[in-house]
Amino acid sequence: MLYPLKFHPILKEKIWGGNKLKTILNKPSTQDNIGESWEISTLENNTSIISNGFFEGASLTNLIRKFKGELLGQKVYDKFGDQFPLLIKFIDAKEDLSVQLHPNDLLAKERHNSFGKTEMWHVVQADQNAELIIGFKKDTTKQEYESFLKNSKITELLNFENISKGDSYLIDAGRIHAIGGGSLIAEIQQTSDVTYRVYDWDRADIQGNKRELHTDFALDALDFKAKNNFRLDYNKKENSLNEIVQTKYFTTNFIHVKGNFQRDYQQMDSFKILMCVAGRGNIISNGLSTPFSLGETVLIPSVVNKLSIESDIKETKLLEVYI
């Protein structure tokens, strides 16, 4: 019988990474430049391995092949097959990430035989004065963009957002963006690792090499339109489903658990993901208790249609994700 699944994190060293994944989210690492923890993935050579229960040691890909719609939801499996449709991460930016964007589904399929990449960020922790870059400050022409980029002045066109714990943002495919230094982020995205890097702050690695840029690819993928408000507004009521965002790729809710929260999924034909962004607790389903704590991610199979989330502390907060 399927049950709530936990996974070994897949840790990624990055030139801009820090140690918050280790010190705040308790990820098992001795390195001080871990930038990403891939929580749930079936990308090639980056397949999540189950860390709890009867299926401990099995890969998520093999489990999907075995259980199909029982794990993913029948509609989800019919559309995506053995590929898990989302990539779930925690990101620690000690330094600024590159200014970048991602192609939409059409371009990604044509160029890379991949899904596009629409993503969502939720701020788990932010240092004082931490910022994100999202979009242009104003509608921008291709010619203006190219001129500013050529002269290393691209940031003059970009929209900077001061961030605080709990802030959430949706980054549509084509939207220029960068996570700023001092940010610890939960990221929910389409299953894709295609990134067009357009500016990397003129920095080099310890060998003196600058990272590859993808300025030509980016031109056709960019959305040059500005947007007035990038931050997502949502309620934060205790023991309630508070919708943060709903897209055709995923829905994300915010749940602030106080004591006990009952969740009924009987009308839903999809897997569910619970990311703990504060506190700790237990997921009770079919008589089984699955503990979780800050920085852990749990995959709830589609066939698990009722559960209870319990916590003995006030500040237990979860992101719930499904299709």
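Student: Why is R211 called partly exposed?

Tutor: Happy to start there. In this predicted model, R211 has a relative accessibility of 26%. Buried means under 20% and exposed means over 50%, so R211, at 26%, counts as partly exposed.

Student: What makes the contact between D200 and R211 a salt bridge?

Tutor: The closest N and O atoms of D200 and R211 are 3.1 Å apart. The cut-off is 4 Å between a side-chain nitrogen of Lys or Arg and a carboxyl oxygen of Asp or Glu, so the pair qualifies. Both residues lie in the loop between β14 (196-199) and α7 (215-221), so the bridge ties together parts that are 11 residues apart in sequence. Salt bridges that share partners also join E95, D200, R203 and R211 into one network.

Student: How do you know whether D200 is buried or exposed?

Tutor: Its relative accessibility is 6%. Buried means under 20%, so D200 counts as buried.

Student: What makes K20 and D127 a link between distant parts of the chain?

Tutor: First, the bridge itself: the closest N and O atoms of K20 and D127 are 3.0 Å apart, and the limit is 4 Å. Then the positions: K20 sits in helix α1 (residues 20-23), D127 in the loop between β8 and β9 (131-136), and 107 residues separate them.

Student: Why do K20 and D127 get their accessibility labels?

Tutor: K20 has 12% relative accessibility, and the limit for buried is under 20%, so K20 is buried. D127 has a relative accessible area of 35%, which falls between 20% and 50%, so D127 is partly exposed.

Student: Why are K138 and E144 called partly exposed?

Tutor: K138 has a relative accessible area of 41% and E144 has 22%.

Student: What makes up the lining of the largest pocket?

Tutor: The lining has 21 residues, with K14, W16, E36, Q100 and T195 nearest the centre of the pocket. About 330 Å³ of space lies inside. The lining residues divide into seven nonpolar, five polar and nine charged.

Student: Which strand supplies the largest share of that lining?

Tutor: That is β12, with three residues. Strands supplying at least two residues each include β2 (10-18), β3 (34-40) and β6 (86-93).

Key: Residues are numbered from 1 along each chain as its sequence is written. This is a predicted model: local features need pLDDT of at least 70, side-chain atom pairs count only at pLDDT 80 or more; totals for chains, interfaces and linings use all residues. Side-chain values use heavy atoms; hydrogens and water are left out. On a 1 Å grid over the protein atoms alone, a cavity is a set of points where a 1.4 Å probe fits but cannot get out, and a pocket is an open set with protein on both sides within 12 Å along at least five of seven lines; lining residues have an atom within 4 Å of a point. Grid points are joined across faces, edges and corners, and a volume is the space filled by probe spheres set on the points. Helices (H or I, at least four residues) and strands (E, at least two) are DSSP runs, numbered from the N terminus. Ala, Val, Leu, Ile, Met, Phe, Trp, Tyr, Cys and Pro count as nonpolar, Asp, Glu, Lys and Arg as charged, and the others, Gly among them, as polar. Buried means under 20% relative accessible area, exposed over 50%, partly exposed in between (1.4 Å probe, protein chains only).
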